[in-house]
Amino acid sequence: MSARALRAVVVVLVAVAVAGCGASGDQASGGAVDGRVTGRVTVFAAASLTESFRRIGKDFEAANPGSTVTLNVAGSSALANQINQGAPADVFASAAPANMATVTAAGNADGTPTTFARNQLVIAVPRGNPAGVTGLADLSRSDVKVALCASQVPCGAAARTALDTAGVALTPVTLEQDVKGALAKVRLGEVDAALVYRTDARAASADVTGVEFPESARAVNDYPIVALRDAPNPAGAKAFVAYVRSAPAQAVLAEAGFQAP
């Protein structure tokens, strides 16, 4: 082979290698193809969104072949701290505006958060309601063990508002870091009642009953969502936020018991 032909082969091989590297990088970071997004979309979501966002995530993947939604669910305050400490994430969905505000105040939001759902508290009791809990006043009885969320968690702040509205003082036997933790105490029989979101009680209806109480109307939580400034997959972040606000995703949330924004 002549030197000139050899140089031509080398140029072609280098071009192919560079193109291959570019394709690999695009797949890792995500992007947009024919109006659909690809790559991983990492969503930090409040624990109360677990079941709904799992389903919404699968629907999003089906609508965007080549995309993968990865959920990190926990208490909104913990998630906000993780984001502000540099944890890689594309989207933050909080169970309260206060926790979202810590992320926006730190300059870590890409745009203005929008409310996509609302949620309300119920008293979760074991099936059959053995303690006979009918309202908030019963939670102050000495024979009733109660679990609450910690005050910095949205479900804890909402619980405190509801209890103050009803003029009920109580000492919980445990303070949990997210609503799933409080609900687990009821499901395991470790407490007689817990203040949790209506949606969580509905998701666990095989084990618990949700007792409605009027004061919950004074403690309705707005759920904001936003794409994040340093999102590894910016196109995926914006697309997921838009999808959560779409009719199909809103139908999933309504079925779970969330209220419309």
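Arg-118 comes out as partly exposed in this predicted model, with a relative accessibility of 26%. Its side chain meets that of Asp-222 in a salt bridge, with N and O sitting 2.5 Å apart. This pair ties together distant parts of the chain: Arg-118 belongs to strand β5 (residues 114-119), while Asp-222 lies in strand β11 (residues 221-227), and 104 residues separate them. Asp-222 is partly exposed too, at 24% relative accessible area.

Glu-255 and Arg-55 form a salt bridge in which the closest N and O atoms are 3.0 Å apart. Here the two partners are 200 residues apart in the chain, with Glu-255 in helix α9 (residues 247-256) and Arg-55 in helix α2 (residues 50-63). Glu-255 has a relative accessibility of 52%, so it counts as exposed, since the cut-off for that label is over 50%. Arg-55, at 40%, counts as partly exposed.

Then there is the salt bridge between Asp-138 and Arg-141, where the closest N and O atoms are 3.6 Å apart.

Taken over the whole model, the tally of salt bridges is 13.

Technical notes: Residues numbered from 1 in each chain as written. Predicted model: local features only at pLDDT ≥ 70, side-chain atom pairs only at ≥ 80, totals over all residues. Heavy atoms only, no water. Salt bridge = Lys/Arg side-chain N within 4 Å of Asp/Glu carboxyl O. Helix = DSSP H or I, 4+ residues; strand = E, 2+ residues; numbered from the N terminus. Buried < 20%, exposed > 50% of the residue type's maximum accessible area, 1.4 Å probe, protein only.
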